[in-house]
Amino acid sequence: MEVDAAPAVKGRPREFCTDRALAAALGVFWSKGYEGASMADLTEAMGISKPSLYAAFGNKEALFHKALDLYEAEKLHYTRAALEQPTARAVAEYFMRGAIDAQMSNCDPKGCLGVISATACGAEAASIKADVIERRASSQAALVERFERAKRDGDLPDHVDVAGLTSYLYAILQGMAVQAGSGATRADLERVVETSLLMWPGR
């Protein structure tokens, strides 16, 4: 765990854990979004001064990118495991149920940080939105590749539009994230999953 020395009152150095501070920043961004998270919100949650934040993480934008890296590593690990499932249907189910676990955690804010940040519309957030979209495109490309393999293996019917199926699954995942953030229960989201699986074109 990395520890930085930060300037404190009367010039005396104060140590703080950068890992813990970054996790705290992630919580703020996740609950308020990039635009909604003020520097005061961030420094209060992280327990550091503004100069210490700049020294350790750069500006707010750089801090968000680091927080998003942490979010993907810790909260979206299920997306990588999903791609290893034996059938396309199992891949989709693993994605959706993993999303429910991530979005409905009792320890974290509800919803999805990527969806919250992708809807940011201010000029300040333009680069943030672009980064989120680029990351999502990379994830979608991996899923398209997995479904293409399923189609070659006969796991998906020949008539299936793989790119369209991937977009359909992402639309469901993003919709679930919005619903989770607006008060939907786990049971509500489980019904979405069950209905989606009934409509799935593969085995």
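The largest nonpolar core of this predicted model has 56 residues, and those touching the most other members are Phe-29, Leu-42, Met-46, Leu-63, Phe-95, Met-96 and Phe-147. Such a core is a set of buried Ala, Val, Leu, Ile, Met, Phe, Trp, Tyr and Cys residues joined through side-chain atoms within 4.5 Å; buried means under 20% relative accessible area, exposed over 50%, and partly exposed in between, using a 1.4 Å probe and protein chains only. In soluble globular proteins, nonpolar side chains tend to be buried together. For Phe-95, contacts (heavy atoms within 4.5 Å) beyond four places in sequence are made with Tyr-78, Thr-79, Ala-82, Leu-83, Leu-143, Tyr-170 and Leu-173.

Residues are numbered from 1 along each chain as its sequence is written. Because the model is predicted, local features need pLDDT of at least 70 and side-chain atom pairs count only at pLDDT 80 or more, while totals for chains, interfaces and linings use all residues; side-chain values use heavy atoms, with hydrogens and water left out.

Turning to the overall fold, the protein chain contains 10 helices and two strands, taken as DSSP runs numbered from the N terminus (helices H or I, at least four residues; strands E, at least two). Along the sequence the order is β-β-α-α-α-α-α-α-α-α-α-α. Of the 203 residues, 41% count as buried. Among contacts with a separation of 6 or more, 62% join residues 24 or more positions apart.

Ala-88, Val-91 and Phe-95 of α6 meet Leu-143, Arg-146, Phe-147 and Ala-150 of α8. By class, this contact has six nonpolar residues, no polar ones and one charged; Ala, Val, Leu, Ile, Met, Phe, Trp, Tyr, Cys and Pro count as nonpolar, Asp, Glu, Lys and Arg as charged, and the others, Gly among them, as polar.

The residues involved include Arg-89, Glu-93 and Met-96 in α6, and Arg-186, Leu-189 and Glu-190 in α10. Five nonpolar, two polar and seven charged residues make up the contact of α6 with α10.

Some single positions round out the picture. Gln-85 sits in the loop between α5 (77-82) and α6 and is partly exposed at 22% relative accessible area. Leu-76, in the loop between α4 (60-75) and α5, counts as buried at 19%. Ala-62 belongs to helix α4 and is partly exposed at 22%.

Finally, the unreviewed UniProt entry lists residues 38-57 as "DNA-binding region". Residues 38-57 are 80% helix and 0% strand, with end C-alpha atoms 15 Å apart.

Conventions
UniProt positions renumbered as here; feature names shortened; annotations may be inferred.
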